[in-house]
Every structure is written in structure tokens, then in C-alpha cells.
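Here are my notes on this one, as numbered points. Have the model open beside you and click along as you read.

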Amino acid sequence: MEHLLPDTLPTYVNSYVYMFGILTLGSFVWLIVTGTILAIFGPEWWHVSPIGHFFNSMHFWCVQAFFFFMVLHLWAQFMMAAWRGGRHWTWIGGWVLFLVSIVAGLTGYLSQNNFDAQWIGVQGKDAINATGLGGFFNLLNFGQMYGLHIFVIPFVLVMLLVVHVLLVRKHGVVEPLPLKKGADVLHETQP
């Protein structure tokens, strides 16, 4: 347990690039909180009530922040070759999280219960039918998409996040790439 909850971290973790993961996790927590409030009161509340509009907007901006920080986290980890040192399952798990999050975003747009949702559903159903999944997922079925969005996919995301964070705690954060090669190249190019 002491290994999973260390009280000291390496100095390189003070860099901003290591904050993107926790900002993604923080955005996800706010997504769950605002989504739970929206699910409790229902679509009529978030479309009619001013407080419902407020929580609907918070949920929307949490989605934007979640994907923004997740893409930054993904690119930062790619640039640092984060799969080094036996961290390949952490890297693969992060990609799976990203892909499942895209499905969560799609079902979220379909669950808005407005004209945007209808338009996205009508446009997306042909794509889903082309993949052969149209028999299982009907994008025009609000109940199915809403159930997937508020229960199934968040449950899967939470489980994947727990595994991802435990793998990060087990293997530690990836150290920055060494600058020696770059410094040597810089010295070689200078007269």
C-alpha cells in the first residue's frame, strides 16, 4: 500500500506535462457529478429549468475539458514514449479509455433529446449499419442510447480508469527522455 500511495515524487513530475492526466481525471469526476444530477432530474428539467440549463452547460463544458486534457495527455505521453519500462499495458489501457470515451461522447450527443441529437442519430445510423452493428445499436432509440450513456459506458470507463491509475501507481510515472542525444547533436552543429 505504501508503494501505491507514495508521499514523495521525482522532481521531473513538477513539469506541467505531468498535469494533463490528473486534469483529465478531474474533468471526468465533474462529468460524473453533473451527469448524475442531470440523470436524476431528467431531460425536461435540463431543457426547461434555468438550473437545469446551468448543469447541462456544466456537463457540456466538462466534456470539452475532458477530451481536451485527454488528447494533451495522450500526445504528451506519446512524445515521452510512455510505454517504456514495462508500461505498455498502461499505454494500451489509455488508448482503450480514449476509444471508449469517444463512444461515450457519441451516446451523450444522442441523449441530448433535441434536434442536434436527431440529426446526429439519422446521420450516424447508416454508418453503424455499414459496420454490421445496426442490429445491436439503434442510434435513433433514445432509451437505448441514454441507458448506455448514463450506466453502461460510465461503468466501463470507471473500471478502465481504476486499472489505468493502478498501473500508473505500480510502474510509476514515466521519466522524461534523456537529453544527451539532443545535446550532442546541438554541440556537433555549433561551430
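1. Start with the largest nonpolar core, which has 18 residues. Within this core, Phe28, Phe66, Leu139, Met145, Ile153 and Leu157 touch the most other members. Helices α1, α3 (50-79), α4 (88-110) and α6 (142-171) each supply at least two of the core residues. By nonpolar core I mean a set of buried Ala, Val, Leu, Ile, Met, Phe, Trp, Tyr and Cys residues joined through side-chain atoms within 4.5 Å. Buried stands for under 20% relative accessible area, exposed for over 50%, and partly exposed for anything in between (1.4 Å probe, protein chains only).

2. Before going further, a word on what you're looking at. This is a predicted model, where local features need pLDDT of at least 70 and side-chain atom pairs count only at pLDDT 80 or more, while totals for chains, interfaces and linings use all residues. Residues are numbered from 1 along each chain as its sequence is written, and side-chain values use heavy atoms, with hydrogens and water left out.

3. Leaving out residues up to four places away in sequence, Phe28 touches Phe66, Leu157, Val158 and Leu161; contact here means heavy atoms within 4.5 Å.

4. Now have a look at Ser101, in helix α4. Is Ser101 buried or exposed? Its relative accessibility is 1%, so Ser101 counts as buried. Neighbours within four places in sequence aside, Ser101 is in contact with Phe66, Phe67, Met70 and Leu157. Two of these names, Phe66 and Leu157, you have already met among the core residues that touch the most other members.

5. Helix α1 (residues 20-41) is worth a slow walk, and Leu38 lies in it. Leu38 has a relative accessible area of 5%, so it is buried. Which residues does Leu38 touch, not counting those up to four places away in sequence? They are Trp45, Trp46, Gly52, Phe55, Asn56, His59 and Tyr146. Now find Tyr12, which is 26 residues from Leu38 along the chain: the two C-alpha atoms are separated by 39 Å.

6. Leu31 is found in helix α1 too. With a relative accessibility of 12%, Leu31 counts as buried. Setting aside neighbours within four places in sequence, Leu31 is in contact with His59, Cys62, Val63 and Phe66. Leu31 and Met58 are 27 residues apart along the chain, and their C-alpha atoms are separated by 8.3 Å.

7. Zooming out, how many helices and strands does the protein chain have? The count is 7 helices and 0 strands, where helices (H or I, at least four residues) and strands (E, at least two) are DSSP runs, numbered from the N terminus. The radius of gyration is 21 Å, well over the 16 Å that the globule rule gives for 191 residues, so the protein chain is more spread out than a compact globule. That radius is taken over C-alpha atoms, and the rule is 2.2 Å times the number of residues to the power 0.38. Along its principal axes, the C-alpha trace spans about 65 × 40 × 35 Å.

8. Some whole-chain numbers to keep at hand. Of the 191 residues, 30% count as buried. Among contacts with a separation of 6 or more, 72% come from residues 24 or more positions apart.

9. Two residues other than glycine have a backbone angle to check. Ala81, in the loop between α3 and α4, has a positive phi of about 50 degrees. At 13% relative accessibility, Ala81 counts as buried. Asn113 lies in the loop between α4 and α5 (115-131), and its phi is positive as well, near 65 degrees. Asn113 counts as partly exposed, at 41% relative accessibility.

10. Finally, go to the segment before α1, where Thr11 lies. At 67% relative accessibility, Thr11 counts as exposed.
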